[in-house]
Amino acid sequence: MAGRLPGAASAAAAPLPRALLLLAALALFSLTFLSLRSLRPAAAPPSLAIGGSRPSSFARPSVYHSAEAFAAGYAEMERSFKVYMYPDGDPKTFYQTPRKLTGKYASEGYFFQNIRESRFRTGDPDKAHLFFVPISPHKMRGKGTSYENMTIIVKDYVEGLINKYPYWNRTLGADHFFVTCHDVGVRAFEGLPFIVKNSIRVVCSPSYNVDFIPHKDIALPQVLQPFALPEGGNDVENRTILGFWAGHRNSKIRVILARVWENDTELAISNNRISRAIGELVYQKQFYRTKFCICPGGSQVNSARISDSIHYGCVPVILSDYYDLPFNDILDWRKFAVVLKERDVYQLKSILKSISQEEFVELHKSLVQNISCPQVQKHFVWHSPPLPYDAFHMVMYELWLRHHVIKY
């Protein structure tokens, strides 16, 4: 090659090894720096605010599947969630707040009243995320309406809304919800597949064998209010009875529970219901003295005894198959309750005795203590007007989780 001196090629190539050495040195330095940095403790993640004021460092161990997600979602719900409630019909019918706010089916009446009192309600349907259909099977039950007539009443009312308003047909009812809290409430929707399969049903009988659809429907807590005595608290030393249940034998599991354990010396099991109206409040006081309160399903999978146990600080023992527990996708029930299958009734005593005192204390603390978070007990009580984190707000949060519906 003309004009190139011998050795020029080797001279031109000489800088290349030096460049490679430089790159190798830089790589070694970078690896060393990163290795040393990895030995430093990681910075704590920023905490989310609850209600705009408190950090969300929830109690240890957290009773929530994700405390951070609950904190953020709850705050967003408070800021923006809107529900349109269809105008009431004839006040002589069933389209208004049930008059009774007491008893084991009070949750339905409280929700009807609370939604009217809350800031979630909007009078502008175009701003609504969900639509509440305010028809009360509880009121039908009080008037002695038959199951067949309940279904007809619900069907006629909903069809009237469909004909009068354009909102149901946009989603085939997927952004509409009903609230009912008693056994016959399930029967009121039988034979109405356009409701059962599409709309959200907030029910106290959330059993998979009665067309309850967990990802769509919501388990409404059955709360017997008013409570006769105050909340149970940090009273572990008073809880000397291993387990307690007293009630009617109105289900197979209750019959077995009474037959197997009613004569046991460590389990206080009675196949006769202790009247709540007894002047000495024998039934309620038993909750204060017991470590584990047995909650078998009755005529349906649910029972007001669960909310009783939570209120009085007695660790609930869920003994019911196919039960989607209230707020199950928010609360980790195994942090404050014992969840069993019905077949476990035969080993009930050995299961409870296998739980150490330290484990029981942790379950009890998770149930009743309030350390920088709303305690579980606050989620299972109704107020009028509603209060933050109470049963009404937890139901609204469940609805908020289901509000993302495509509208056509």
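1. Helix H10 spans residues 252-261, and its buried residues are Ile 253, Arg 254, Ile 256, Leu 257, Ala 258 and Trp 261. An α-helix has 3.6 residues a turn, so residues three or four places apart point the same way.

2. The structure is a predicted model. Its chain contains 15 helices and 13 strands. Of the 408 residues, 51% count as buried. Taking contacts between residues at least 6 apart in sequence, 70% join residues at least 24 apart.

3. How many aromatic pairs does a search of the whole structure find? The search gives 33. One of them is formed by Tyr 64 and Phe 70, which are stacked, with 4.9 Å from centre to centre and 15° between the planes. Both Tyr 64 and Phe 70 are buried.

4. Trp 333 and Phe 380 form an edge-to-face pair, 5.8 Å centre to centre with 80° between the planes. Trp 333 is in the loop between E12 and strand E13 (338-340), while Phe 380 is in the loop between helix H14 (357-368) and helix H15 (391-401), so the pair ties together parts that are 47 residues apart in sequence. Trp 333 is buried at a relative accessible area of 3%, and Phe 380 is buried with a value of 3%.

5. Ring pairs also link a cluster made of Phe 81, Phe 111, Phe 112, Phe 120, Phe 132, Phe 177, Phe 392 and Trp 400. Another ring, that of Phe 360, has the charged end of Lys 291 sitting over it, 5.0 Å from the ring centre.

6. The loop between E12 and E13 also holds Ile 330. Is Ile 330 buried or exposed? Ile 330 counts as buried, because its relative accessibility is 4% and the cut-off for buried is under 20%. Not counting residues up to four places away in sequence, Ile 330 touches Val 63, Tyr 64, His 65, Phe 70, Met 394, Tyr 397, Glu 398 and Leu 401. Tyr 64 and Phe 70, the stacked pair of point 3, are thus among the residues touched by Ile 330. Ile 330 and Ser 66 are 264 residues apart in sequence, yet their C-alpha atoms are 7.5 Å apart in space.

7. Ser 320 lies in the loop between E12 and E13. Ser 320 is buried, with a relative accessible area of 7%. Which residues is Ser 320 in contact with, leaving aside neighbours within four places in sequence? They are Gly 297, Val 301, Leu 340 and Glu 342.

8. Some backbone values deserve a look. Most residues other than glycine have a negative phi, and most peptide bonds are trans. Phe 327, in the loop between E12 and E13, has a positive phi near 60°. Phe 327 counts as buried, at 1% relative accessibility. Tyr 389, in the loop between H14 and H15, is not a glycine either, and has a positive phi of about 70°. Tyr 389 is buried, with a relative accessible area of 8%.

9. Two peptide bonds to proline should be noted as cis: the bond joining Gln 225 and Pro 226, with omega about 0°, and the bond from Ser 384 to Pro 385, with omega near 0°. Pro 226 is in the loop between strand E8 (218-219) and E9. Pro 385 is in the loop between H14 and H15, where Tyr 389 also lies.

10. Last, the empty space. Rolling a probe the size of a water molecule over the atoms shows where empty space is left. A search of the whole structure finds 2 cavities of 30 Å³ or more. The second largest cavity has a volume of about 40 Å³. Which residues line the second largest cavity? Its lining consists of Pro 221, Gln 222, Ser 303, Ile 306, Ser 307, Tyr 323, Pro 326 and Phe 380. By type, the lining has 5 nonpolar residues, 3 polar and no charged. Phe 380 thus belongs to the lining of this cavity and to the edge-to-face pair with Trp 333.

Conventions: Residues are numbered from 1 along each chain as its sequence is written. This is a predicted model: local features need pLDDT of at least 70, side-chain atom pairs count only at pLDDT 80 or more; totals for chains, interfaces and linings use all residues. Side-chain values use heavy atoms; hydrogens and water are left out. On a 1 Å grid over the protein atoms alone, a cavity is a set of points where a 1.4 Å probe fits but cannot get out, and a pocket is an open set with protein on both sides within 12 Å along at least five of seven lines; lining residues have an atom within 4 Å of a point. Grid points are joined across faces, edges and corners, and a volume is the space filled by probe spheres set on the points. Ala, Val, Leu, Ile, Met, Phe, Trp, Tyr, Cys and Pro count as nonpolar, Asp, Glu, Lys and Arg as charged, and the others, Gly among them, as polar. Buried means under 20% relative accessible area, exposed over 50%, partly exposed in between (1.4 Å probe, protein chains only). Helices (H or I, at least four residues) and strands (E, at least two) are DSSP runs, numbered from the N terminus. Rings of Phe, Tyr and Trp (its six-membered ring) pair if their centres lie within 6.5 Å; planes under 30 degrees apart count as stacked, over 60 as edge-to-face and the rest as tilted. A charge sits over a ring if NZ of Lys or CZ of Arg is within 6 Å of the ring centre and within 35 degrees of the ring normal. Contact means heavy atoms within 4.5 Å.
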